[in-house]
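Take a look at the model below.

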Amino acid sequence: MSQQSADLQGDGGRGADEFADMDACFDAFDQDGDGKIDFADFGRICAALFRNDKGIVYSCSDEKQKEMFGIFDQNKDGFIDRTEFKFCWNKWIKKIVRPVSALLVIDVQNDFISGSLSLSNCDAKQNGEEVIKPINNLVDTVPFDGICYSLDWHPADHVSFIDNVGKRKVHSTSPVRADQAQLYDTVIFDGKPPTTQKLWPRHCVQNSWGAELHKDLKVGKDPNLVYKGSNSDVDSYSAFFDNKRLSRTGLHDKLKEINATDVYVCGLAYDVCVGSTAVDALAIGFRTIMINDCARGVNFDDIESTKKRFIELNGIIVESNQVKAMVEGRDRRPELGYKLALELKKEEQNS
Ligand SMILES: [Zn+2]
């Protein structure tokens, strides 16, 4: 549907301006002027909110619209009155129209590109270097409110290195014994609780060339860096927490500082650290987007299952040429609106 035909059909060629003033917005959508937004009015709000930069409306199922309506109809009388609308407008509509967006660039380090854990030697034979150009393009052209770069940053005796496998006691339930362990095997180390660990080649050792961000990656003058995996005994795939959730990096605090609503995740490796970071971002409550052409991974099946799981948790996956319009609030996805509504419901229940 073109912008023009949308207008002709009477649901307006509405842009962000339509949502600039709360009372005007309420009056515009309260079609019968009874001072209440009913479910049909709410459907028109969704149609106006959830569209792309060309005015094409995204479909949003009746079921999801009903669920969201129920979240904003706090007294459950079947209408959103002006008081309820204030909450809806401040906490939901405003954030959808004016998101605060952060880009997380995960582990674009030499070792994953041409070093000891080069993705080109892994199952999927992907080339990690290919993410650099589209990521640089995003950094150059998209007005993100913040950009963070994570670095896998291991001490020499790190638990994930195959050559360290004999340094720790293997638990009796481990599927593989230390002296038989091969690269990419999973072992269980003794401890309270025992730790399941995949064995990788020695990689990203602190202050080594392999741990440096690739020289062609644009990071600007004073980049926001997040280091992970620096505890010898615990691996850290996510840029938020280590795998045992014993400690947090500073990433969540950095995102809170800028009041981020939306988190875009890209980098290496898709099915390991990118996926783990993105799933954690959702769990924390961020509207989260993975950028498909800005990520490369280890194993095709794992990349597919990472994507599937992420979408089931209300994340979305886009290509990098779609990001700018989303960050500028001109392309507004129903999946992200739904995710935000679910977060508001959770907040309500906890308050
Ligand atoms: Zn690592």
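This is a predicted model: local features need pLDDT of at least 70, side-chain atom pairs count only at pLDDT 80 or more; totals for chains, interfaces and linings use all residues.

Residues are numbered from 1 along each chain as its sequence is written.

**Domains**
- The protein is divided into domain 1 (3–97), domain 2 (101–155 + 204–328) and domain 3 (162–199). These bounds come from an automatic or database domain assignment.
- The C-alpha centres of domain 2 and domain 3 are 26 Å apart.

**Helix α3**
- Helices are DSSP runs (H or I, at least four residues), numbered from the N terminus.
- In α3 (residues 39–49), the buried residues are Phe-42, Ile-45, Cys-46, Ala-47, Ala-48 and Leu-49. Buried means that 20 or more other C-beta atoms, placed from the backbone, lie within 10 Å of the residue's own.
- These buried residues pack against α2 (22–29), α4 (62–72), α5 (82–97) and α12 (334–350). Contact means C-beta atoms, placed from the backbone, within 7 Å.

**α2 with α5**
- The two helices pack at about 115 degrees, with axes 11 Å apart. Axes are lines fitted to C-alpha atoms over the stretch in contact, and angles run from 0 to 180 degrees between N-to-C directions.
- α2 and α5 are therefore roughly perpendicular (65 to 115 degrees).
- Met-22, Cys-25 and Phe-26 in α2 meet Arg-82, Phe-85, Lys-86 and Trp-89 in α5.

**α4 with α12**
- This pair packs at about 35 degrees, with axes 10 Å apart.
- Lys-64, Met-68 and Ile-71 in α4 meet Tyr-338, Ala-341, Leu-344 and Lys-345 in α12.

Terms used:
A residue is buried if 20 or more other C-beta atoms lie within 10 Å of its own, exposed if 12 or fewer, and partly exposed in between; C-beta atoms are placed from the backbone. Two residues are in contact if their C-beta atoms, placed from the backbone, lie within 7 Å. Angles under 35 degrees count as roughly parallel, over 145 as roughly antiparallel, 65 to 115 as roughly perpendicular and the rest as oblique.
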